[in-house]
Amino acid sequence: DCFGKGIVIYGGGVRYFANAWISISLLRELGCKLPIELWHLGEREIDSHMRGLLEPMGVTTRDAYEVRLDFPCRILNGWELKPYSIIHSQFAEIIALDSDNVVARDPTYLLEDPNYRETGVVFWPDRWELQRDRLIWKYCEVAYQSEPEFETGQIVINKERCWQALHLTMWMNENSDFFYKHIHGDKETFHLAFRRMKKAYSMPSKPLRMV
């Protein structure tokens with residue numbers, strides 16, 4: 001059963017754990033009180049010392065390989081972990097963050113944003129568009145649309161309201177040996193799945209800015 005609101009961060013191992021620890025520390029320094037789950041792939045990625053560093057900040061570690069014993073997933077690597085952790089998180093409403101996502105303010109307010117409340121999900125735009133001649137439009141039976149690709153370093157989502165589109169996203173990632181040949185990682189699986197299911201989403205109108 002899923003309940004409440006929380007933050008999901010994905011990233012284990014020495015390289016990504018360092019990023020995640022900085023991100024989580026900053027969230028707490030900025031006053032974020034939401035519970036946090038840190039998802040990782042196997043015991044080799046998070047050891048007892050790492051857990052000890054996280055416990056004072058109210059973080060629960062979740063081993064996706066353990067969850068996979070009850071909820072099988074054909075392929076489960078780094079990019080595939082993103083939709084998997086969102087679906088199997090204990091939270092019903094989620095702010096999902098890449099481990100190297102550095103927030104500028106407490107993001108809790110996003111869960112009350114009118115645009116999020118209207119559609120149940122907010123995605124952010126990337127710098128590029130998926131070109132008209134890409135075969136993935138045909139494979140997904142989605143009509144071409146001139147619009148930004150998704151930048152999924154951050155997602156705000158109500159799982160119940162987006163359940164079908166989320167599961168199609170997960171299926172595409174379970175079959176990443178096909179889909180990743182036609183798109184870059186997980187980000188456009190969200191885009192195409194939500195378009196395929198005709199599920200409305202919200203997106204900021206401002207493009208991203210390089211700094």
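Residues are numbered from 1 along each chain as its sequence is written, and side-chain values use heavy atoms, with hydrogens and water left out. Because the model is predicted, local features need pLDDT of at least 70 and side-chain atom pairs count only at pLDDT 80 or more, while totals for chains, interfaces and linings use all residues.

**Helix α1**

Let us start with α1, which has 17 residues. Helices here are DSSP runs of H or I with at least four residues, strands are runs of E with at least two, and both are numbered from the N terminus. From its first C-alpha to its last, α1 reaches 24 Å, close to the 24 Å expected at 1.5 Å a residue (the expected span is 1.5 Å times one less than the number of residues). After α1 comes G31, with a positive phi near 95°.

Which residues of α1 are buried? They are G13, F17, A20, S23, I24, S25 and L27. An α-helix has 3.6 residues a turn, so residues three or four places apart point the same way. The buried residues of α1 pack against β1, β2, α2, β3 and β4.

Buried means under 20% relative accessible area, exposed over 50%, and partly exposed in between, using a 1.4 Å probe and protein chains only.

| Residue | Relative accessible area | Class |
|---|---|---|
| S23 | 2% | buried |
| Q154 | 18% | buried |
| D1 | 95% | exposed |

S23 sits in α1, and its side chain reaches the backbone oxygen of N101 at 3.0 Å. Q154 belongs to strand β6 (residues 148-158), and its side chain makes a polar contact with the side chain of E151 at 3.0 Å. A polar contact is a pair of N or O atoms within 3.5 Å; within protein, one must be able to donate a hydrogen and the other to accept it, and residues adjacent in sequence count only if both atoms are side-chain atoms.

Contact in general means heavy atoms within 4.5 Å. Leaving aside neighbours within four places in sequence, S23 is in contact with I9, S99 and N101. Counted likewise, without residues up to four places away, Q154 touches A96, L97, N101 and W124.

D1 lies in the segment before β1. Although D1 and S89 are 88 residues apart in sequence, their C-alpha atoms are 9.4 Å apart in space.

**Where α4 meets α7**

P83, Y84, I86 and I87 in α4 meet W163, L166, H167, T169, M170 and N173 in α7.
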